[in-house]
Amino acid sequence: MLVVDDEPDILENLSEWLSDSGYATLTASNGTEALAIVKRQRVDVVVTDLNMPRLSGLHLLTLIKEVNADIEVIFLTGQGT
């Protein structure tokens with residue numbers, strides 16, 4: 001499972017919680033880093049922030065699906081809109 005968030009505290013806490021729950025996790029602090037990980041190793045699920053600078057979660061979804069359409073993507077956001 002790959003966890004992607006530009007907020008370091010959220011990235012660390014979510015990754016730790018998932019690891020403690022028995023999931024093997026990788027982390028990326030932005031969409032570009034996440035895409036590089038997806039291209040070089042097997043990832044089944046990506047949990048990503050929706051709003052990130054430079055490469056949004058929605059744009060990341062499109063690029064991930066081009067690499068491997070079978071990867072499941074879960075969006076998280078702290079935005080109220």
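Me: What makes Arg42 count as exposed?
Reply: Keep in mind that this is a predicted model. Arg42 has a relative accessibility of 73%, and exposed means over 50%, so Arg42 counts as exposed.

Me: And why is Asp44 called partly exposed?
Reply: Its relative accessible area is 43%. The in-between class runs from the 20% limit for buried to the 50% limit for exposed, so Asp44 is partly exposed.

Me: What makes the pairing of Asp44 and Arg42 a salt bridge?
Reply: Their side chains meet at 3.0 Å, N to O. The cut-off is within 4 Å, so the pair qualifies as a salt bridge. In general, side chains of opposite charge can pair when their charged atoms come close.

Me: How many salt bridges turn up in the whole structure?
Reply: The search finds 1.

Me: OK, over to H2. Why is Gly31 called buried?
Reply: Gly31 sits in helix H2, residues 31-40. Its relative accessible area is 0%, and buried means under 20%, so Gly31 is buried.

Me: How do you know on which side of H2 the buried residues lie?
Reply: The buried ones in H2 are Gly31, Ala34, Leu35, Ile37 and Val38. They cover an arc of only 160° around the axis, so they are on the same side of H2. Thr32, Lys39 and Arg40 are exposed on the other side.

Me: What covers those buried residues of H2?
Reply: The cover includes strands S1, S2 (26-28) and S3 (45-49), plus helix H3.

Me: What makes Asn30 a cap for H2?
Reply: A side-chain oxygen of Asn30 lies 3.1 Å from the backbone nitrogen of Thr32. The capped end is the N-terminal one.

Me: Which residues of the largest nonpolar core touch the most other members?
Reply: Of its 15 residues, those are Leu2, Val4, Val38, Val46, Leu60 and Ile64. S1 (2-4), H2 and H3 (57-67) each supply at least two residues of this core, and H2 gives the largest share, 4 residues. Another core, of 6 residues, lies apart from it, with Leu11, Leu14, Val45 and Val47 among them.

Conventions: Residues are numbered from 1 along each chain as its sequence is written. This is a predicted model: local features need pLDDT of at least 70, side-chain atom pairs count only at pLDDT 80 or more; totals for chains, interfaces and linings use all residues. Side-chain values use heavy atoms; hydrogens and water are left out. Buried means under 20% relative accessible area, exposed over 50%, partly exposed in between (1.4 Å probe, protein chains only). A nonpolar core is a set of buried Ala, Val, Leu, Ile, Met, Phe, Trp, Tyr and Cys residues joined through side-chain atoms within 4.5 Å. The arc is that of the directions from the helix axis to the C-beta atoms. Contact means heavy atoms within 4.5 Å. A polar contact is a pair of N or O atoms within 3.5 Å; within protein, one must be able to donate a hydrogen and the other to accept it, and residues adjacent in sequence count only if both atoms are side-chain atoms.
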